[in-house]
Amino acid sequence: PGTLHIVATPIGNLGDLSPRALETLRTVAAVCAEDTRHTRQLLSHFGLERPLLALHQHNEEQQAAQLVARLQAGDSLALVSDAGTPLVSDPGFRLVRAARAAAIKVSPVPGACAAIAALSVAGLASDRFAFEGFLPAKASARRERLGKLAAEPRTLLFYESAHRIEEALDDMAAAFGGARAAVLARELTKLFETVLDGPLEALAAQVKADPNQRKGEFVVIVEGAGDDADAKVIEGKRLYAKLSEHLP
Ligand code: SAM
């Protein structure tokens, strides 16, 4: 059987595509991509032209069976996403699960990942961290999720897009307390790379005041809850609110 290579691609700077990633993409029978147009552009930048197969949220389950059959027949395949490491807030988990269930070799070609890149420059505790990916789009669900994380002692990592960054920071300040330390990593490895740090309240104000700070792609990193009174008071209030829903 062939091998399924899970290949990380750059999160902005094309110089971050590794030589091994290039070599893998050059030699596989086909490249499974989240957005084939996007990946065609990436490949052509490196002078590569490979057969591309679309694998996204909506067709992954059906495609996985066909791709596994192809791997079993001897073809090796690569999986890439639009940016960074596949499966990290990106498609691929179903394909990898199906391949592993069929005893196909699944091999990583590691590289850029926005969350890890941000963590590496944040200067917040990095020995234990929890990756939370994207928060729910709906305000009520987002606040509920954040509320449950208020007492989490590990450093928290979130992905956020330009159009929700303001609300997200406001909601985080409300859920965790405005004094909680945080880092906002924007446009990493790109022209306008910016890493801001400060208490959540100050970061929210800074982003509100400067429209440029709302552009692009973001990783938000929030310090875990300490033993400080703030976190305990907030958690206490949350539990009280939850309990009082059930009280007469
Ligand atoms: N698989 C990717 C990875 O390994 O990082 C993540 C894909 S997810 C669909 C896209 C999100 O990742 C963006 O909304 C943003 O939160 C984050 N992201 C991607 N590139 C980034 C960059 N250059 N700087 C900051 N955040 C980035």
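**Exercise 1.** Does P51 count as buried or exposed, and why?

*Solution.* This is a predicted model, where local features need pLDDT of at least 70, side-chain atom pairs count only at pLDDT 80 or more, and totals for chains, interfaces and linings use all residues. Residues are numbered from 1 along each chain as its sequence is written.

Step 1. Recall the cut-offs: buried means 20 or more other C-beta atoms within 10 Å of the residue's own, exposed means 12 or fewer, and partly exposed lies in between; C-beta atoms are placed from the backbone.
Step 2. P51 has 10 C-beta neighbours inside 10 Å, so P51 counts as exposed.
Step 3. Locate P51: the loop between α2 (36-45) and β3 (52-54) holds this residue. Helices (H or I, at least four residues) and strands (E, at least two) are DSSP runs, numbered from the N terminus.

**Exercise 2.** Find how β6 and β7 pair, and what unit they make with α6.

*Solution.* 
Step 1. Strands pair if DSSP finds at least two bridges between them. β6 (residues 129-134) and β7 pair in the parallel sense over five bridges.
Step 2. Right-handed means that, with the strands pointing away from the viewer, the path from the first strand over the helix to the second runs clockwise.

**Exercise 3.** Sort the shell around the ligand by class.

*Solution.* 
Step 1. Ala, Val, Leu, Ile, Met, Phe, Trp, Tyr, Cys and Pro count as nonpolar, Asp, Glu, Lys and Arg as charged, and the others, Gly among them, as polar.
Step 2. The shell has 11 nonpolar, seven polar and six charged residues.
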